Number of protein chains: 2
Amino acid sequence: MVSDYSNVVPVLMSGGAGTRLWPASRSDRPKQFLPLVDERTMVRATLDRLIGLDAAEPLIVANAGHAGLVAAELRGAGFDPTRMILEPFGRNTAPAAAVAAIELSRNDGDPLMLLLPADHVIEDVVAFHEAVHHAAALASAGSLVTFGIVPSHPETGYGYIRAGEPVDGSARMVAEFVEKPDRETAQRYLTDGDYSWNSGMFMFRCSDYLAALKEFAPQIEAGCLRTMAESVRSDGVYLSSEQFADTPADSIDYAVMEHTTRGVVIPLEAGWSDVGSWTALWEIGQRDDDGNVLIGDVTVADTSNSYVRADGRLVTVAGLDNVVVVDTHDAILVTSLAKAQSVKAIVDMLKAQKRREATESTESD
Amino acid sequence: MVSDYSNVVPVLMSGGAGTRLWPASRSDRPKQFLPLVDERTMVRATLDRLIGLDAAEPLIVANAGHAGLVAAELRGAGFDPTRMILEPFGRNTAPAAAVAAIELSRNDGDPLMLLLPADHVIEDVVAFHEAVHHAAALASAGSLVTFGIVPSHPETGYGYIRAGEPVDGSARMVAEFVEKPDRETAQRYLTDGDYSWNSGMFMFRCSDYLAALKEFAPQIEAGCLRTMAESVRSDGVYLSSEQFADTPADSIDYAVMEHTTRGVVIPLEAGWSDVGSWTALWEIGQRDDDGNVLIGDVTVADTSNSYVRADGRLVTVAGLDNVVVVDTHDAILVTSLAKAQSVKAIVDMLKAQKRREATESTESD
C-alpha cells in the first residue's frame, strides 16, 4: 500500500437539506451546521475526522447561502477557508463531484478525491482512516471506489451494494447497486454477507471520475465544464447559475457507479450513521438505563426509549415510551421513534402554509 | 318552592393549586385564573354562571397572593371587587366556608351560602340554576345540601355520595360518603343508581353550617371566629395569619358532612367537570374528527385522540395517539392521556430541584 496520501483531497459535500431533522434543521441552517451528536457541528466533526489521515487540504462543495457558515467551519478546524465551491442551488452529487474534480484538476494536478457527505457520523476514526488508505491504493490504480457500510440490522431505509469478485484484501468488485429493500429482503441481505449499505462516500482519481461521467452522463460533464468556465472566484468558487441550471441533476450512483465496470466496494465497519432521522440520533446517542437520550434541560418521569432534546426551555416528558420530543425557540416536534419519518408530512404542511418555521431558523422581525 | 333568591350568597372557593394542570397552572396563577376551557378564566366562567340565578352579590375566598387577580375577575364580571376574604395560606374548605359564614352573618343577616369551587366547569347553566333553586328551598328548611353529580362513567378519581331516603323531588338524604372506589366498585356504583360524585358544591344557611361545625369540629369553628376577629379590612378581608395557622385544616366533607344527620344530596346532571387533569380537558374539549383537541398554533399529522395546547410557538405532533402536549413560554409537558396524572411526579421532581418553573409562571429577571 502507498504511504503518502498528500495526493488525496477530501471533498466534503454539504448539500443536504436535513428536512427529516426538522425543527432543529432548517433550510438556512441544515443539519450539517448543527451540533446534533456532540458539541461540534457535523461539518466540523467531518473535518476533524480528517486529522491523522495525512491527506491534502479539504475542499467543500456547499450552497452559496451557507458560504459564511462553511468558511467558519474550515477556519475553526484549521483549514484554508477559501477552499469552497459554492452552488447557487443543489444538482445532486454527480455535478457536485464533477465541479470539485474540475477544480482540483486545475489546481492540484490529478489528485484522488475522497468524497464525503458532510453530515454523517463515523465513530471509529482509525477504521475509517484504514479504509481510506486502502481505497487510495485502489483508486490510484484506476478503480472507482465506494465505501460499503457493513450492515448491523435489516435496514429498509438505505440502498445496498452487492459485492462480487474479490479484488484486494476485503475489497471486492461492485456486482450491483440495489434499491431500498423490503423488510424480508433486508433480512436476507443481512444474513447473506455480500451486501453493504450504500454510504455515499467514494474515492476516485479526478480524471477517472470525469472520464466515467463523460462516458455515462456526458451532459453532466459538459454542463459542469461550462459551469466552471463561467464561475467567479472570490472567497470561494461561485458557480454560474445559468450554466449550472442547464446541468442535469443526478447522483454519483445513478450517473456513474451503476454503469462503470471499474467499481470497487471497500467494507467499512466504523460506527457509521447518516443521521437521517431523529430515530438515528436516538440509536447513536448516549442512552441512559431507561433507554432515553436526553439532551439539554430535560426532566422525565416514567419514560423510556425516548429521544428528548431541549434547546433553552425546560422540556418534560411523563408516562411515555418510544417518543421523540425536539424543542427549538420557535417550534416543537413531538413524534414517535417508529414514525419519526412523519416529520416530513409536518414540514410539507407547513411549507404549503408558507410558514417561516418550515425553512428559517432565525426569528422573524 | 321559594322564588326570591336574594338571600342566597354565592361563595366561590379559589383555593386550588391546580398542580395536575402544570405547566399551564403555577402557584402564582393556578388553574382558576387561566382560560383553560374557553377564552375566560375559570373564576370568570364561575361568576358568569351566576347571572340569572337572582342571587346576592358573590363573595370569594382566595389566597391573599391572588387578591389582584380576584378583584379583577369580580370587576370584570360586574360584581363588587371588595367582596373577597383573603387567606394567608390554605386550610382546606371547612375553614374557608367558616370564615365566609362568619363574614356573611355579620353583614348580610343569616343568608344561605352557595359554596362553589372556582375551577369547575358546568355546561348546562339552566340545570345548575334549577338545582341551586331546589337546594335553596331545602337549605332554608335547615338541610345541609350537597350537590351530587350524576355519574357518566365508572370514575375512580372521585369520592362518591350514597343517597338514602327521598326528601323532596329528586333530593334524598345523604346515606354515606364513600372514598374513591376501584374500577369494579365504580362500575357497580354506576349501575346501582344510588351513587353520585362528590362535587364539592354545597348550600347551607350560614348559622346551620357554623352550628354543625361547632358540634363536629369545634376547633375549626373557634379558630375561624378568632381569625375573623383579628382580620384586617382594606380592599378585602385579610385573615390573621397567626390565628388561621392555629385553625385545623379539613374539608367540609370530613369536618361536617360525614357527621351530620341533616345532609341532603341534590342530583346535578349538567355537564360538570372538575377539570382535574389534562385528560379532563380533552374530555370536555371540542374534539375534531380524529378525536384531537387542538388549541393555539398546532399542526398535526397522523395523530389522533390527543390534547395539544400551544401558547405562542408552533407545536407539531406526528404519528402519535393518545398524547398530551402542553407548551408554555418556559416549559413543555409531553405525556399520555392515560397517564396525565404523572405530571405530579414531574412537578415534585422540579420542586425538589427548586426549579422556578415548578411554581412561578412569570419570567425570571
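How many residues does the contact take from chain A and from chain B? It takes 29 residues from chain A and 29 from chain B, where two residues count as in contact if their C-beta atoms, placed from the backbone, lie within 7 Å. A quick note on the ground rules: this is a predicted model, in which local features need pLDDT of at least 70, side-chain atom pairs count only at pLDDT 80 or more, and totals for chains, interfaces and linings use all residues. Residues are numbered from 1 along each chain as its sequence is written, while chains are lettered from A and ligands numbered from 1 in the order in which they are written.

On the side of chain A that touches chain B, at least two residues each come from strands S15 (298–301), S17 (314–318), S18 (323–327) and S19 (331–336), and from helix H11 (343–352). S19(A) gives the most, with six residues. Sorted by class, this side of chain A has 17 nonpolar, six polar and six charged residues; here Ala, Val, Leu, Ile, Met, Phe, Trp, Tyr, Cys and Pro count as nonpolar, Asp, Glu, Lys and Arg as charged, and the others, Gly among them, as polar.

What about chain A as a whole? Chain A has eleven helices and 19 strands (DSSP runs numbered from the N terminus: H or I with at least four residues for helices, E with at least two for strands). Its C-alpha atoms fill a box of roughly 60 × 50 × 35 Å along the principal axes. The radius of gyration of chain A, 21 Å, agrees with the value near 21 Å for a compact globule of 365 residues (taken over C-alpha atoms, with the globule rule being 2.2 Å times the number of residues to the power 0.38).

Chain A splits into domain 1 (8–273) and domain 2 (278–358), with bounds from an automatic or database domain assignment. The C-alpha centres of these two domains lie 29 Å apart. Ten residues of domain 1 of chain A touch 15 residues of domain 2 of chain A, and the domain 1 side has seven nonpolar, two polar and one charged residues.

Within chain A, helices H3 (93–107) and H6 (206–216) pack at an angle of about 135°, with their axes 9 Å apart (axes are lines fitted to C-alpha atoms, for helices over the stretch in contact, and angles run from 0 to 180 degrees between N-to-C directions). The contact residues include Ala97(A) and Leu104(A) of H3(A), and Tyr209(A) and Leu213(A) of H6(A). By class, the contact has nine nonpolar, two polar and no charged residues.
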